[in-house]
Structures are given as C-alpha cells and as structure tokens.
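I opened my notebook to go through this structure entry by entry.

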Amino acid sequence: MERQKEWRWGPRHARRAAKKKKLKLLTERHMIEMRTDDPFGSGFHDWTLEALKALARRPRYGLPRVYQIGGMLSRVRAGAKLESLTEDSLRHIIAEVCDFDEIRLNHKHMDTHRILPPPCEILKSILTMDLDERKFPPLEVVASTPILGSDGKIINRPGYHRKDQLFLAPTIEIPPVPKRPTKQDVDQALALILGHYLEGFPIADDASKCHALSVALTPLVRRLVKGPTPLHLALASTPGTGKSLLMAALSQIVTGRPVEPSMLRESEDEMTKTLLAVLLAGPPYLLFDNINSADSATLAAAIASPDCTFSGRLLGSTKHITVPALACWLATGNNPKVSRELARRTVVIRLDANQERPELRTDFKIKSLLRWGTEHRADLLYASLTLCQAWVAAKMPKGRSVLGSFESWAEVIGGILDVIGMPGFLENKDELMTRDDHARGWSALVGEWWRVYQSNLVSIDDLHRSIVSNPELEVAFSETLGQGLDRSQKRRLGLELRKVQDRVFGSWRIEVSTAVIRGFPLFQLVPVSRAPARTRENEAQPQSAPASPAPARTRECPGQPRPNTEQGCPPAPARTREPDTSPGAAWERHNTRERPDQTQSHNGPASPAPARTREPGDDDESPRPGAACEEQSPLPF
C-alpha cells in the first residue's frame, strides 16, 4: 500500500464540488435598508431576520457559514477546528454577505444613505436568540478523517452531513477501503498497528492491547455508539514507561497531531470551566496527563452522561449552556489513586517495562515514533478503517462483554474485536477496584465488626475503639480519622459511616438504626441474605407490629450435661446466648465501658438491676440451667 500525500480542503475543491452539484454560488451582496425616521417601518427585529436570511442564502463555497453547537454559534476553521463566535467574529461573517444602509431625511426632506457596519444591537440579538428561531444547522462533530456514519457507511465526502450532524474537513486522502475485507486484510492491518507501530510499548496483557486499539477505533465508530464512552487510563508503576507517548501515537492516527493534554483540577468549579471550554471546540480526544489522584464528581458525571452532553456556566457570563460531550476520554498516571466513581468508568491500559529506569531503553524498531506516524498516517488510518469495515461486513454483531453505563460502546468495540479475533476485552475492568485502599480498609473493619459485635447495635465509640486497638485498621483509616483528638476522629468516622450507609462489604450490609445515643446514631450489620430489598412498595407499606420476643437462649456451663426431654436423644451442641440488641442495652454497654469504676450515682445508690424475664418451663425453686455460668462469663461485646 503506497503512502498518500497530505492534502487540505480549500476553495478550489469546494468550487469543484459545488459545480458538480450544480450549486449557484451567489456573489452579490444583500442590502438591508434601515429607515430610522419612519415610526411605522421595520425595526431591529426585522433587520435581524433579514441578516439571518442572508447568511442562510449565501453559503461559503456551497457550505453553511455558521453552525450551532450546544446553543452556541460556531464556525469551522482551517485544520478541522471549531471556533465559537463572538460579536467581532459574527460581525465579520455578516459583513461578508450583506450591507446595512441607513436611510434618513435631510432638511430638504430628501433621503440620505449611509453604509454602516453590522450594528451591535443586531449582533447581540442574533447571539441571544433561541435555537429554533435562528435555524442554523446543528453540528456535533468536526472530523479531519473519514469515519463511519450512523448507518455503518464510511463518510468520505467533504462538507456538512446533516443526518449525522458532522462536518468532514479531511486533511489526508486514503485509498478506498474494501467493502468486504478478507482475513488477510485484517491480519495485515493488525500487524501494522500492533505488530509494528506499537511494538515498542511494554503492554502487559491482552486486555490492555484491546483497550489500546480501542483508543484508535472509538472516534471512527463514534456515530454508531448510542451513549457515552469510558475513560481510557494508561497505567504504569514507573515514570518513563511510555504512557503519554502511547496516547499521542494513537491519537495521531485520527487527528494527524498528538492530543493536547488538559489539567485535572481539584476544584469542581474549575473542573467545570475546563471541561466546558475544551468540549466547546468539539475535540475527538480529551487527555488528562500524569494524574496523581482522580476524585472529581464533575468529571465522573461528564464521562457517564446518558445523552452525551455537559452543562455549565459560560466563562465570563451568566449564560448556562449545554455542549456535546462526544470526545474519547484519555488519562495517564503512575499508579494514581482513583475514586470508586471514576474506577467504575475506566478501562485500563497497563504498561510494565520490568526495569528500574525504562526511559533508558534503546531497543526500538522505530526510533522517532511520532515522525514515523505522521509520514505513514494514511497507512495507519487505512488499517484502522479496514478493521471497522470488517465488522460492518459481518453485519455488525454485538460484543459479549458488558460494562455498566457503557453498554453501547462495549457492544460496538467488543463486536469489532470479536470479528478480528482479539481476545481479552474488558477482562481487567476490576483492576482499579482491587487497588482501592478505601474499600479494602472498610472490608477489614466490617470483618472485625462482625467478629466482635455480630448483628448488635453499636455506637461510633465502639467502632473507633476497634480501629485504634487494631494496628492494621489504624493504618488503613489514618487518612479518614485524621490526626485530631478522639472527639474529632469519632465525628469524622460518623460522617464516613453515613457515606457507606446501605453499602455491602463481603456478606454484610451496613445499616443505620433510628436509635440515637448522645446525638449519634447506632449502626448495625445485616447479612445480605437476610437484608430486605428496599423498594418503594416496601417503604410505602406501614410497618407491621413487632413479633413476640423469642425465649432467651442459655449458655451451658463447662462440664454440665444438657438436659434432654426424650430418652435416647444425643446431646445437642452448646448454644450461646444472643446478646440484647435494643438501644437501651447499647447505651448500658456504652456507659459501662466509659466509666467502669462508677457503680452508683452521686445522688444515691445505683438503681437495682431489672428483673429477669421468666421463661416458660422454669420452676420457682429450681435455678435455670447455666445461670451460674452466665453470671461468671461476660458477654463477648
């Protein structure tokens, strides 16, 4: 396959395309008469509508001059870049198609004419109009390479495509892709991309290879994905492994240049401004390079937006706009700390050079990778489209792997990888979940919680005491509790318990009781098999009356045989007494641990202990079996 020379879309090609379509290029200018001395004549609103009609009737080289993307007016600049219009840029566009003639009566009652630039009032009126009133063509994607449309056909005609809301401004020409690629064509395409172009990257496993290839294929099939796309994270343990170079090399296939990185902001407001400013330009890729930690609710919401849009306040104004979020999300980092919300929205590309200083490697087939990719971009793009066309020729089967919130993307990319014979797609999707130190710490605490207290109601003091008495738990919760006093640590622990309310760790669910001790709620572990499913119907039904309490279970003393009512029955195993889970018992247990030496109040003797509930079968004179053992053996909590 011969390398194709790069070419650019210009006026000469547009005129040729317009001539083939028999489009009449209107070069005459439209004159808008503004008579200011007639109170019953036309006003600014009529002049604004005339300017809009002039823009619609006089396209530039047969293409619309202005598009609307997410409520903002934009135009396509050279290099397939999208630029939002301001008053100055809109004035320049309107001045190209029409003139404004101000007509006034002089002292001799004769009309005087003066040609004016587009008035500011008309420009502001156009910028603030509703979308339906402006009637500019909608635009979502600006592509510089041929891509697949919503019907599965390759779009290679330059210009605007209303059906896909796409503007194609190709910066390179490739040979026609075969409609039914053979297995040999697919093998050659994979050998060029993975076997030669990406050969120098230490990609760890098959799943990472599938996800790396997905970076190059996702923008090409984006119109077929009916939903959001996940974050592709290039992960390594050592700097210099090649994470940023890998993302630059893959994005260069589609865009012709390495993707420009963006900063991952800590503030949610700054993150909103950054995303809104970048997405307004309609980029095919959005990269966050060298992140240390990722815990942004704004970014997580933008990635998993069901309608693939992002809303925010425009910088420098009070206008709230909504823009398409169709970019392929990329990120790189050296073992970054990723929140659980972002980890669920991420697919991992793991690199492992197995060296202390991987930046000193010299065993590369391609010495200058980005320059080689620019020179052979046509071959790489042709190979990528061949892989996509092979999936279309196979009647676009759906992939078998599933990723929550990204089902459509998993079906499309998984189907392509299944057709071309690449295994391992989404096999490492739980890798970031296993790296979550926060979840591992809570799992350890829940295990200790169940071992000591089981299903009893416990207070925050009890859980805090369990943490500080266990060195492993104390290390795991060092960031959660902080370095403050016990009161501060208990308050922070209570806030964290509220965040994990109703969350399942292992086989238990953390639930919050309605009982309160000194303003703090009590908590309880409930086995998942016994935890009732919370539905609206269950919440709407009134609570039933509490069941009658079961007879108390006794603990057998060592060496004392268990009485049997029937002859010949083998002795049953020892049964332990279930602790009281009422709020009063938790309060009594809490006071006993806080003040062990205090046996009576300052005002008088302590109140007598409540009488034991009489159980059925007990005699008035004979003691209950195991009573002496219960008095000597304390409960385990």
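**Disulfides.** I looked for pairs of cysteine sulfur atoms within 2.5 Å, the cut-off for a disulfide, and the count came to zero. I was working with a predicted model, where local features need pLDDT of at least 70, side-chain atom pairs count only at pLDDT 80 or more, and totals for chains, interfaces and linings use all residues. Residues are numbered from 1 along each chain as its sequence is written, and side-chain values use heavy atoms, with hydrogens and water left out.

Cys308 is at 9%, so I noted it as buried. Cys120 is at 36% and therefore counts as partly exposed.

**Cavity.** A cavity is a set of points on a 1 Å grid over the protein atoms alone where a 1.4 Å probe fits but cannot get out; a pocket is an open set with protein on both sides within 12 Å along at least five of seven lines, and lining residues have an atom within 4 Å of a point.

I then turned to the second largest pocket, with a volume of about 1200 Å³. Of its 42 lining residues, Ala294, Asp295, Lys337, Val338 and Ser339 are the closest to the centre. Which helix gives the most to this lining? I found H16, with four residues. By class, I wrote down 15 nonpolar, eleven polar and 16 charged residues.

**Cores.** Trp329 came back in the largest nonpolar core: of its 104 residues, Leu213, Leu275, Phe288, Trp329 and Trp409 touch the most other members. Such a core is a set of buried Ala, Val, Leu, Ile, Met, Phe, Trp, Tyr and Cys residues joined through side-chain atoms within 4.5 Å. Helix H13 (residues 377-393) supplies the largest share of this core, eleven residues. I followed Leu213 to its contacts (heavy atoms within 4.5 Å). Leaving out residues up to four places away in sequence, Leu213 touches Leu190, Ile193, Leu387, Leu417, Ile420 and Met422. A second, separate core has 22 residues, among them Met34, Val66, Ile126 and Met129.

Terms used
Grid points are joined across faces, edges and corners, and a volume is the space filled by probe spheres set on the points. Helices (H or I, at least four residues) and strands (E, at least two) are DSSP runs, numbered from the N terminus. Ala, Val, Leu, Ile, Met, Phe, Trp, Tyr, Cys and Pro count as nonpolar, Asp, Glu, Lys and Arg as charged, and the others, Gly among them, as polar. Buried means under 20% relative accessible area, exposed over 50%, partly exposed in between (1.4 Å probe, protein chains only).
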